[in-house]
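Thanks, everyone. Let me put the structure up, and then we will go through the helix packing, a few loops and the aromatic rings.

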Amino acid sequence: MTPDVRDRADRPARVGTRDRAGGGAIPESAWDRALHLIGRADEVALACHVTPDGDALGSMLAVAFVLRSMGKRVVASFGDRHFAVPRLLGFLPGQEMLVPPEEFPAAPALLITFDSSTFERLGLLSDNTARAAEVVVIDHHPSNAGFGTLALIDATAAATAMLAEQLIYRLGGRLDRDIATCLYAGLVTDTGSFRHSSTTPAVHQMAARLVATGLRTDEIARELWDRSPFGYLKVLAAAFDRVTLEDGPAGGMVWTYVTRVDRAAYGLPYSELEGIIDIVRRTDEAEVAVVLKEDDQGAWQVSTRSKGTADVGAACAALGGGGHHNAAGYTSHASVEDTMAALRRELGKA
């Protein structure tokens, strides 16, 4: 029998969450406001950030399942110009609820965003968001200042999936295998498979609730980390051929870049590059790891990681992006050399 989170002794606690970056618990009145908005809505539009990762897409689909079970019309999307679910996330259930940006409501009465730290991160859905009557922002990035009409932001949460589960609990939703699969994908991707410092007892307790629904953690792990097309190895080789180790303002820095030409030679989509930073960051001599990935429009998507000393979140926020102390990113339209020079300056300040 599918467990009902309302009746379980191990249901998620109503932990304090934050209403803005920097402090302050989200009061129950804010959650109540979200429930009121959802309760009166006939249709709920859902959006997550461009080039979605497991936390963004998984959180959104998990909530979509529950809203649909409540009898709501649900439309979900992300604002990429070339709309496609990344191959790594192709196993997630609920994708029949996704529509391309051009089919998204132009001016939703109620829009809920997931894992998007800024208005701009919604990409092609930014205009739809600007025209929405109510925008509920669900996120865990400390750089998120709350761009909607209602912000449910917890910078202490390891993943937006934790907040999505909180919302599901408050809506009286039921955890089944599909919902749990979506939430688990978000939890494991944003905690680095439970390796990051954000992994708390609450993270493991949530994982236990999700696994109890019968999901196959080995199958999810294989989809997320143990599969790649042959072209990925070739592109990875090109990136490693360029990798540089240098002294940095906050300790050693290792960095590299991947061009559109690299990917085009093997027909590799941009979404396949997500895991390169996790290999580069292993370098013992480096405190900071950086990977520049050229997207299909010619912009550099900059991914950064820190082992704890350097605040890459502050550096990326200063350059128009955001994220966390140890993991952050931003977009650059400058050359590789100028992009790295600007990042070095901001890391020195941070």
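Start with two helices. α5 and α6 pack at an angle of about 150°, and their axes are 9 Å apart. A word on those terms. Helices (H or I, at least four residues) and strands (E, at least two) are DSSP runs, numbered from the N terminus. Axes are lines fitted to C-alpha atoms, for helices over the stretch in contact, and angles run from 0 to 180 degrees between N-to-C directions.

Before going on, the ground rules. This is a predicted model, where local features need pLDDT of at least 70 and side-chain atom pairs count only at pLDDT 80 or more, while totals for chains, interfaces and linings use all residues. Residues are numbered from 1 along each chain as its sequence is written, and side-chain values use heavy atoms, with hydrogens and water left out.

Back to the pair. α5 and α6 are therefore roughly antiparallel. The cut-offs: angles under 35 degrees count as roughly parallel, over 145 as roughly antiparallel, 65 to 115 as roughly perpendicular and the rest as oblique. The crossing of α5 and α6 is left-handed. That word applies if the near helix is turned anticlockwise from the far one by less than a right angle; clockwise is right-handed.

Who makes the contact? On the α5 side, Ala180, Leu183, Tyr184 and Leu187; on the α6 side, Val203, Met206, Ala207, Leu210 and Val211. Contact means heavy atoms within 4.5 Å. By class, there are nine nonpolar residues here, no polar and no charged ones. Ala, Val, Leu, Ile, Met, Phe, Trp, Tyr, Cys and Pro count as nonpolar, Asp, Glu, Lys and Arg as charged, and the others, Gly among them, as polar.

Next, α5 and another partner. Helix α2 (residues 54–69) and helix α5 (residues 177–190) pack at about 160°, with axes 8 Å apart. α2 and α5 are therefore roughly antiparallel. α2 passes α5 in a left-handed crossing. α2 brings Gly54, Asp55, Gly58, Ser59, Leu61, Ala62, Phe65 and Val66, and they meet Asp178, Ile179, Cys182, Leu183, Ala185, Gly186, Thr189 and Asp190 in α5. The residues of this contact divide into eight nonpolar, five polar and three charged.

α2 also packs with α4. The angle is about 10° and the axes are 9 Å apart. That makes α2 roughly parallel to α4. Asp55, Ser59, Ala62, Val63 and Val66 of α2 make the contact with Thr160, Ala161, Ala164, Leu167 and Ile168 of α4. The classes are seven nonpolar, two polar and one charged.

How many residues of α4 are buried? Eleven of the eleven in helix α4 (residues 160–170). Buried means under 20% relative accessible area, exposed over 50%, and partly exposed in between (1.4 Å probe, protein chains only). The buried residues of α4 include Glu165 and Arg170. After α4 comes glycine 172, with a positive phi near 75°.

Now the loops. Threonine 51 is in the loop between β3 (43–48) and α2. At 27% relative accessibility, threonine 51 counts as partly exposed. Phenylalanine 194 lies in the loop between α5 and α6 (201–211). Phenylalanine 194 is partly exposed too, at 22%.

Is leucine 215 buried or exposed? Buried, with a relative accessible area of 6%. Leucine 215 sits in the loop between α6 and α7 (217–225). Leucine 215 touches Arg177, Ala180, Thr181, Tyr184, Leu210 and Ile220, not counting residues up to four places away in sequence.

Last, the aromatics. The structure holds five aromatic pairs. One of them is tryptophan 255 with tyrosine 257, stacked, 6.5 Å centre to centre and 25° between the planes. Rings of Phe, Tyr and Trp (its six-membered ring) pair if their centres lie within 6.5 Å; planes under 30 degrees apart count as stacked, over 60 as edge-to-face and the rest as tilted. Tryptophan 255 is buried at 11%, while tyrosine 257 is partly exposed at 23%. Trp255, Tyr257 and Trp300 form one aromatic cluster.
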